[in-house]
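Please read the following briefing alongside the sequence and the coordinates.

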Amino acid sequence: MTVDQPTGFGPDFLWGVSTSAYQIEGGVTEGGRGPSTWDTFCAEPGRILNGDTGAVACDHYHRYAEDVALMKDLGVGAYRFSFAWPRIQPAGKGPANAEGLAFYDRLIDELLAQGIKPVPTLYHWDTPQALEDEGGWLNRDITDRFAEYASILAERFGDRVPQWITLNEPVVLTLFAYGVGAHAPGKQLMFESLPVAHHQLLAHGKAVQALRAGGAGNIGIASNHAPTWPASDSAEDQGAAAVYDTLFNWLFADPVLLGRYPNDDLAAAMPGPVAEDLAVIGTPIDWYGINHYSPARIGAAIGQADTAASDGIEIPSGLPFEPRELEGYPKTDFGWPVVPEAFGEILRTFQQRYGDRLPPIYITENGCAINDGPGSNGVVDDQRRIEFLDGYLRSLAEVVAEGIDVRGYFQWSLLDNFEWAAGYSQRFGLVHVDFETLVRTPKASYRWYRDLIAR
Ligand code: GCO
């Protein structure tokens, strides 16, 4: 047993794990669930590695009690999961589907019975297909649909859910789903995808208001952020990195935390009554969630893009910047560099940029793909995940010691699961899942995290 583990987190620090509906639930045609954009996308040949789909995933829809028991044994105080919008409203509008609500009742009640705080995300990318057919996140109408959906959830679960998350990673939906087409719905609009950013931000603001009106409180967002490191000192690379940094980080954080876009050009590129919308988008939130994995090394567009540096996704030409390989660091099995100090750096940058405007922070995701499977003894000895968590949590402990108000950490992920375009090829779990038998096997990293939490 490791005795030398990261320390410095107070007794009230919240330790958790994260998942999302499409990545673990399966049961996509059960309980009255409507089709989502991810069901459609997975059915299109060539979209997902090995033709994988989320149709069964971890079968969490049926095995949720077993999964909650794993969390209980792990000792986490909280569980971040997402509601599947098409389970709640199969076509994205109109009355709620009773069986969908009943599934989340069972899950939430089981969590509460085990002393685990449910921390749901309203939207983790599985848009009801019927809404996508009307333009999805390109159509401003979705912001009102999202507010209605939020009202349904507040009314049903507001009494039992102590902490809420509106959206997951709006930048990834904008860039990957509508910009370059690597995620559902697979549109390649490049900069024409900017309305997707604005509509998500507006949906976030409207949902904060709808949740509160429905009696739910303690609301945040889970946005991914990472330092941008220019590929060189050249003016071209510095300029490209600055553009990327604005688009990736501040386009999504400034409107939420300051009620404004990072520059006038971006504000002017957005559809609708932008000034009025920003007042809604900037509705104060109770806390801010950061998902963090690796820093980005960015250079000018010269045709040397590194796909590993862009979450395994090929960046088409035509953008004014390119991800470049970050050399000199170990890499996860997904090819993402392991850079613990970047974790502290992004949190310090947030503190400097927002000062008093920054609410308490929760780390809503952090983790790594390490694809170790069971050895001949049945043990999954994923030492590299332990090294990753050890390094990143030491970096986090440093900023906590400096006084940055970080209140909790949700490891991504409890289970190996459906990693979007990479299918089942990348294993992020503390618990191994055999995707043939669906047997769950806690890994060495699960025991390491359990010891850390217990301490
Ligand atoms: C995202 C999502 C998660 C991923 C995780 C690992 O960041 O893409 O929030 O669903 O699975 O981040 O890539």
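Alanine 275 counts as exposed because it has 10 C-beta neighbours inside 10 Å, where exposed means 12 or fewer other C-beta atoms within 10 Å of the residue's own, buried means 20 or more, and partly exposed lies in between, with C-beta atoms placed from the backbone. This is a predicted model, in which local features need pLDDT of at least 70 and side-chain atom pairs count only at pLDDT 80 or more, while totals for chains, interfaces and linings use all residues. Residues are numbered from 1 along each chain as its sequence is written.

**Helix α12**
- Alanine 275 is found in helix α12, residues 274–281 (helices are DSSP runs of H or I with at least four residues, strands are runs of E with at least two, and both are numbered from the N terminus).
- Between alanine 275 and arginine 260, 15 residues apart in sequence, the C-alpha to C-alpha distance is 8.2 Å.

**Strand β3 and its partners**
- Strand β3 (residues 117–123) is largely enclosed by the rest of the structure, because six of its seven residues are buried.
- Strand β2 (residues 78–82) runs parallel to β3 and is joined to it by five bridges (two strands pair if DSSP finds at least two bridges between them), and arginine 80 has valine 119 in β3 as its bridge partner.
- Strand β4 (residues 164–168) also pairs with β3 in the parallel sense, over two bridges, with leucine 167 in β4 as the bridge partner of tyrosine 123.
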